[in-house]
Amino acid sequence: MNATRLNPIPDRFRHAFSRRGCLLVASLAGLLTGCAVSQEPVIPSLPIDSAPGFAGPQFVWYDLFTHDVEGASSFYRDLFGWEFESTPEYGNFSLARQGGVPVAGLVRIDEARAETIPPQWVPSLLVGNLEKVAAYFSEAGRVLKGPVDLPDRGRIAVVEDAEGAPLILLQTTGGVPKSADGGPGHFLWTELWSMDVDVSIPFYEAAVGFEPVEGPANLDPEYRILGMDDQRLAGLIEIPFDDVRPYWLSYIAVADPAEMAGRAESLGGRIIIGPDETNGRIAAIIADPVGGVFGVQKWPIAGLEEEQP
């Protein structure tokens with residue numbers, strides 16, 4: 001879990017979070033559901049717990065929409081050791097695995113839209129009643145596509161919250177996706193960068209039941225934790241500068257953020273916020289060579305292992 005307040009992004013990197021990204025979400029569902037390819041793709045199913053049962057909203061999946069799937073695959077393979085599976089039946093989709101476990105999807109943005117749509121990681125939020133949650137987003141935010149069925153995956157809707165932060169709502173078929181073990185190379189935490197936390201808090205409380213919960217003792221008071229029944233499920237931070245759009249930022253667990261940031265840079269990535277610019281040197285924010293932005297978080301952290309979400 002990210003327990004630090006991040007410093008403002010240097011001006012030279014603000015384009016990575018620019019408002020141009022709002023053009024992307026209008027195309028997400030089309031890319032996922034086969035509208036951008038000549039044949040409907042087969043999207044791989046998610047790993048499901050043996051004892052399915054919806055236990056409340058939680059982030060369960062992450063997709064990178066990118067112009068260069070091959071280049072992105074090479075970058076993330078060399079950075080985290082991910083293995084990639086791509087077959088003709090997947091269409092625009094490529095599956096990433098860590099130690100044999102599915103961890104993420106890569107979805108190709110077609111060339112016709114490459115000039116206007118930037119790369120972006122978009123998380124999927126598991127919900128128990130997609131129709132009801134999507135209806136709320138339709139009233140208080142925006143529904144870009146759906147709800148629509150994806151074979152072997154479930155039912156999705158591509159949405160924006162009240163401030164325009166995009167995400168995918170997911171109601172799975174066959175059970176609940178397994179939680180990541182928090183090991184290196186697995187997604188660990190998801191954090192909303194908001195223009196106004198006083199807008200985001202009531203929005204997500206009404207939409208999915210998220211509410212502020214208590215964080216670790218050393219947590220910056222300006223950093224909020226959202227969850228349910230004292231379970232920590234997401235972070236919330238108010239964007240401290242202009243010209244940056246609201247965004248769900250996804251963090252991947254690593255043993256050494258500084259080493260990982262240096263490796264990412266050597267592979268053609270950019271360090272947006274380095275470990276030296278975060279409290280405790282426990283995190284970094286990185287853009288891949290094409291521009292997809294993600295965080296890396298040191299885990300485990302001494303004294304916080306028992307407090308992992």
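Reader: How do the axes of helix H3 and helix H4 come together, and at what angle do they cross?

Author: Helices (H or I, at least four residues) and strands (E, at least two) are DSSP runs, numbered from the N terminus. Axes are lines fitted to C-alpha atoms, for helices over the stretch in contact, with angles from 0 to 180 degrees between N-to-C directions. In this predicted model, local features need pLDDT of at least 70 and side-chain atom pairs count only at pLDDT 80 or more, while totals for chains, interfaces and linings use all residues. Residues are numbered from 1 along each chain as its sequence is written, and side-chain values use heavy atoms, without hydrogens and water. Here the axes of H3 (residues 130-140) and H4 (residues 197-208) come within 9 Å and cross at roughly 145°.

Reader: Which residues of H3 and H4 make the contact?

Author: Contact means heavy atoms within 4.5 Å. H3 contributes Val133, Tyr136, Phe137 and Ala140, and H4 contributes Pro202, Phe203, Tyr204, Ala206, Ala207 and Val208. The residues of this contact are 10 nonpolar, no polar and no charged (nonpolar: Ala, Val, Leu, Ile, Met, Phe, Trp, Tyr, Cys and Pro; charged: Asp, Glu, Lys and Arg; polar: the others, Gly among them).

Reader: Where do H2 and H5 meet?

Author: The axes of H2 (residues 69-80) and H5 (residues 257-266) come within 10 Å and cross at roughly 150°. Phe75, Asp78, Leu79 and Phe80 of H2 meet Met260, Arg263 and Ala264 of H5. That contact divides into 5 nonpolar, no polar and 2 charged residues.

Reader: Is serine 124 buried or exposed?

Author: Buried means under 20% relative accessible area, exposed over 50%, and partly exposed in between (1.4 Å probe, protein chains only). Serine 124 has 4% relative accessibility, so this residue counts as buried. Serine 124 lies in strand E5 (residues 120-126). Beyond its neighbours within four places in sequence, serine 124 is in contact with Gln58, Phe59, Val60, Trp61, Asp63, Ile168 and Leu170.
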